[in-house]
Amino acid sequence: MTGSRSSRPRLAVITGASSGIGAATATRLAQEGFEVVLGARRAERIERLASRIGGRSHPLDVTDDASVEAFCATLDRCDVLVNNAGGAIGLEPVEEADLADWQQMFDTNVLGVARMTRALLPALVASGDGHVVVVGSIAAHEPYPGGAGYNAAKFGVRAVVGVLRQELLGRPVRVTEIDPGMVETEFSLVRFRGDAERASRVYEGMTPLTPEDVADCIAFAVTRPSHVNIDQMIVLARDQAGARTVHRRG
Ligand code: 8X3
């Protein structure tokens, strides 16, 4: 039970916990002995998952100040914050970009991280051994055609993480960025606005990561001894050697 270092288990908040990497991370951290609190907009889903894994849940929209405030008001402490909520919308070139999509991507990916981290930092510092984890992306390292809005958001997230790491130096809070490549989740379904066939083609002929693979990396980072900070981890499928360098069979 690595989540438990003193008498009570360490408390981990996971955003975007209704599916994919967030759900897998909540499940894994509960197995590791953390007390988990799940946040997401889809209240029923997180309620069901929380009761299955022995955690609790509260509706959370990271783009909404009042929602973040209400979510955080349910916590009397916090040791680990996993900023997972985010995602991409669209794959259009810049010349056809819908800036409303860009605005939404910035609001969830960048401002969502800022809202949650700002709200929970006092509790993370007070815990004496806090940890902020941010789920970024290979898109934070490599721009690709059609990715500009998402690339810009994830590059932005990476900048925020780098700043946080320096600002928190000397205080008992670790900062980790986990940057996955292709993971089979609802990511592509959301990116392609519900077009399931187009979404499934993204992973055709290759073996993507699973949400559990990424949860494994997050679990590794948050279960190191307190003096060890995993700054950044890029994790790709064996079939992927870069944002758009993918080996496909057949
Ligand atoms: C990972 C997905 O393909 O946009 O976030 O880099 S991708």
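Here are some questions and answers on this predicted model.

Visitor: Which residues surround the ligand, and which pocket does the ligand sit in?
Guide: The surrounding residues include the aromatics Y144, Y150 and F187. Among the others are S137, R191 and R244. As for its location, the ligand sits in the largest pocket.

Visitor: How far from an oxygen atom of the ligand are the side chains of Y150 and R244?
Guide: Both residues are listed around the ligand. A polar side-chain atom of Y150 lies 2.8 Å from a ligand oxygen. For R244, an N or O atom of the side chain is at 3.4 Å.

Visitor: How much of the ligand's exposed area does the protein bury?
Guide: Start with the ligand taken alone, which exposes 240 Å². The share of that area buried by the protein is 90%.

Visitor: How many disulfides does the model have?
Guide: A disulfide needs two cysteine sulfur atoms within 2.5 Å. For C72, the nearest cysteine sulfur belongs to C78 and is 8.0 Å away, so C72 is in no disulfide. The count of disulfides is 0.

Visitor: Is C72 buried or exposed?
Guide: The cut-off for buried is under 20% relative accessible area. C72 has 13%, so C72 is buried.

Visitor: Where is C217 found, and is C217 buried or exposed?
Guide: C217 is found in helix α8. Its relative accessibility is 12%. Buried means under 20%, so C217 counts as buried.

Visitor: What distance separates the C-alpha atoms of C217 and A196?
Guide: Along the chain, C217 and A196 are 21 residues apart.

Visitor: What distance separates the C-alpha atoms of V80 and L124?
Guide: V80 is found in strand β4. V80 counts as buried, at 0% relative accessibility. L124 is 44 residues from V80 along the chain. The C-alpha separation is 7.1 Å.

Visitor: Which backbone nitrogen does the side chain of D79 reach?
Guide: D79 lies in the loop between α3 (65-72) and β4 (80-83). D79 is buried, with a relative accessible area of 11%. Its side chain makes a 2.7 Å approach to the backbone nitrogen of L11.

Visitor: The side chain of T223 makes a polar contact with the side chain of which residue?
Guide: T223 is in the loop between α8 (211-222) and β7 (232-235). T223 is buried, at 15% relative accessible area. A polar atom of its side chain lies 2.6 Å from the backbone oxygen of A219. The side-chain partner, at 3.2 Å, is R224.

Visitor: What phi does R193 have?
Guide: R193 lies in the loop between α6 (187-191) and α7 (196-201). R193 is not a glycine, yet its phi is positive. The value is about 50°.

Conventions. Residues are numbered from 1 along each chain as its sequence is written. This is a predicted model: local features need pLDDT of at least 70, side-chain atom pairs count only at pLDDT 80 or more; totals for chains, interfaces and linings use all residues. Side-chain values use heavy atoms; hydrogens and water are left out. Buried means under 20% relative accessible area, exposed over 50%, partly exposed in between (1.4 Å probe, protein chains only). Helices (H or I, at least four residues) and strands (E, at least two) are DSSP runs, numbered from the N terminus. A polar contact is a pair of N or O atoms within 3.5 Å; within protein, one must be able to donate a hydrogen and the other to accept it, and residues adjacent in sequence count only if both atoms are side-chain atoms. A residue is near a molecule or strand if one of its heavy atoms lies within 4 Å of it. Accessible areas come from the Shrake-Rupley method with a 1.4 Å probe; for residues, only the protein chains shown count as cover. On a 1 Å grid over the protein atoms alone, a cavity is a set of points where a 1.4 Å probe fits but cannot get out, and a pocket is an open set with protein on both sides within 12 Å along at least five of seven lines; lining residues have an atom within 4 Å of a point. A molecule sits in a cavity or pocket if more than half of its atoms lie within 2 Å of its grid points.
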